Amino acid sequence: MAFEGLADRLQHTIQKIKGKGKVTEQDVKEMTREVRLALLEADVNFKVVKDFIKRVKERAVDQEVMESLTPGQQVIKVVKEELTDLMGGDQSKIAVADRPPTVIMMVGLQGAGKTTTTGKLANLLRKKYNKQPMLVAADVYRPAAINQLETLGKQLDMPVFSLGTEANPVDIANQAIEQAKNEHHDYVIIDTAGRLHVDSDLMDELQQIKSNVTPDEIFLVVDAMTGQDAVNVADSFNEQLDLTGVVLTKLDGDTRGGAALSIKAVTDKPIKFAGMGEKLDELEAFHPERMASRILGMGDVLSLIEKAQDNVDEKRAKELEEKMRSASFTFDDFLEQMDQVKSMGPLEDLIGMIPGANKMKGLKNVQFDDKQLSHVEAIIQSMTKAERQDPSIMNASRKKRIAQGAGRSVSEVNRLLKQFNEMKKMMKQMSGMQKGKKGKKGKGFNFPFM
Amino acid sequence: MSFFKKLKDKFTGNSENEEVSDKYKEGLSKTRNSFSSKINDLVARYRKVDEDFFEDLEEILISADVGVSTVMDLIDELKMEVKRQNIKDSAKVKEVISEKLVEIYYGEEDDQVEELNIKDNELSVMLFVGVNGVGKTTTIGKVAHKLKQEGKNVVLAAGDTFRAGAIDQLQVWGDRVGVEVIKHNEGSDPAAVIYDGVQAAKSRNADVLLCDTAGRLQNKVNLMNELSKVKRVIEREIPGAPHEVLLVLDATTGQNAMSQAKTFSESTDVSGIVLTKLDGTAKGGIVLAIRNELQIPVKLVGLGEKVTDLQTFDANAFVYGLFADMLEEQE
């Protein structure tokens, strides 16, 4: 499939940029190009893509991102944030009218799945919210559309209001509301006929229904496979009817569903539900985050991005690196760094995130022992402030007190102190090496907890 | 002779062609307005043919759902052509654009209208397949009408036993057009319905049997297997049948249409496409890529809701429809 190739390429570009300590504008350009292609292949409208790429570029070449310690990761983070932002948050609530019944109007193009969705929505209202909906067959144009809704009503054991194909849809809607009031239905779902957004007569009809029954919700039902035209359709329906939400159908297919992004962008109305199958219970709340990954075709890429996102406080990390360079690194700094490391997950995976450490050869394929880590922590926490700032004041009685406080032996305290000193020495060498001086090759760099 | 001249001659020469092109012009008026006005805007905005020009052209084509990779290829070719012919005037590029679009569709082959394969004096079977909501049943109603007008004896088989009301919907069409509908109850085996349809068509000496099937998303393996079975039943009963397997595509569908064409072809060996709902603002540009990549021609297009709005597809007429405004301006 074409888009699988695209997703691969996108992944590749992201991988490449992720580890970069320095990101050029060219890198950003290359990556946004791939993102653009992926979005277009997914049927996101080209105008929406254009705006999106523009925003990503602006933010990505921003000073803060470029000068951050991990610019590669920052750029990816920007892409993800913008994408999720565009998709909006979870909003699958349905309005409740002050005085029942709550009226929901289903509108959309032919074949989008309005009638099926009407049945599914009624089912959801009853099952999840314990409501008693009534269905209204207002599609008098398509042959057997009324039969279809009546059959669904039978399957669900729910009342369907219809006046046959000769009646006017506006009258049908009016009378249906009256009957719903009399029979104390709390929800009325009106299934209207599919129509083109450019068919002014039929769009007028919808406006008339709207002004007559003043619906609490007007849902645009859209086929998830819709292409570039989704913006025209959604925009037009929204302009003429002021939609309250969108239902995306046929999402159980293999479409990437870029239409979702387009519709959200042009109407700014929430996508509330997604049709996930042919059965009547297969209507789900819409998950913008999942949709974002699906559109980019990179479920695992997104989780990768998440991991790559800096758990490290950028500013502190930079300070730490400065301290390491100037060798004014103290036990306090050390403790803080350890805390950050621990909060990020398995140590082996995270070595690369310790500033400077990914440049050290010896640190690859290192095994860490988490238990030792907590011993080290205990020892440092047993030190006084002065000792942490300046370990050189350490004498036998101090060491003994620390060992007792931490519940470890004095020899362990000694080992930590020795390793800490070695580490500081190494840092000095390292910063020297990084500056290009040919440093002496040390005997290997060991963290005190290794 | 210039490309436009050729087109114009072709469609103004005789009355039958004129009628066809009028239909296209009418049905595609919305499509055409937006598409060709964009091309015109583009041409008006740019005196010179430069990078910006091509970038905008790329966007116009992408907005027609032609698909990114096809567009990229097309733009590359256009650039070559512009260089080769040393075109500096953007107005001239219009012609090259439409020429290339037709060329993408036909590839190396001659541009010919691909008619439905209907045998004389023997039963021809057509199977209609596609995803949900593309307009299969409506298309069958329209095709039945068309064939009936041509004096053919038509039988319909209600193979969509799944969707609520689908059988009724086909029956309404049968009544309207005045042809017989072979049907079972909702939920019954579609292959059995089609089998009965074949038998009924044979015994009634029908000319054409049109088989409806339930809409199904192409990634549902079970449902696709069911469709293969339906096709096998037809093959077994009549050698050489089905004579057409028509994939019905919704013009508003984006790049997923390619996946639909591929998968449905794998399970039922699709012989042609019916492109529906072309009377909206959608362009259905993906058919260019489908024809180009899978060699599946578009045979019919739905240009409106009326029963007579289903037309034989002609790529030249299609392009003519898209560019009609521009052609008229050139006069």
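In the predicted model, contacts between the two chains involve 43 residues of chain B and 36 residues of chain A. The area buried between chain B and chain A comes to about 3,300 Å², and carbon and sulfur atoms give 54% of this area.

Three salt bridges are found across the interface of chain B and chain A. In a salt bridge between Lys50(A) and Glu59(B), the side chains meet at 3.1 Å, N to O. Polar contacts between chain B and chain A, with both residues at pLDDT 80 or more, number 21 residue pairs. On the side of chain B that touches chain A, two or more residues each are given by helix H4 (51–63), helix H5 (68–84), helix H8 (166–177) and helix H11 (256–268) of chain B. H8(B) supplies the largest share of this side, five residues. By residue class, the side of chain B that touches chain A consists of 18 polar, 14 charged and 11 nonpolar residues.

The largest nonpolar core has 167 residues. Phe237(A) and Leu210(B) are the residues with the most contacts inside this core. Helix H6 (residues 90–106) of chain B gives the largest share of the core, eight residues. Beyond its neighbours within four places in sequence, Phe237(A) is in contact with Val107(A), Gly108(A), Leu109(A), Arg195(A), His197(A), Met203(A), Leu206(A), Leu220(A), Asp242(A) and Leu243(A). In soluble globular proteins, nonpolar side chains tend to be buried together.

Key. Residues numbered from 1 in each chain as written. Chains lettered and ligands numbered in written order. Predicted model: local features only at pLDDT ≥ 70, side-chain atom pairs only at ≥ 80, totals over all residues. Heavy atoms only, no water. Contact = heavy atoms within 4.5 Å. Buried area = accessible area lost by both parts, 1.4 Å probe. Salt bridge = Lys/Arg side-chain N within 4 Å of Asp/Glu carboxyl O. Polar contact = N/O pair within 3.5 Å; in protein donor to acceptor, adjacent residues only side chain to side chain. Helix = DSSP H or I, 4+ residues; strand = E, 2+ residues; numbered from the N terminus. Nonpolar A, V, L, I, M, F, W, Y, C, P; charged D, E, K, R; others polar. Core = buried A, V, L, I, M, F, W, Y, C linked by side-chain atoms within 4.5 Å. Buried < 20%, exposed > 50% of the residue type's maximum accessible area, 1.4 Å probe, protein only.
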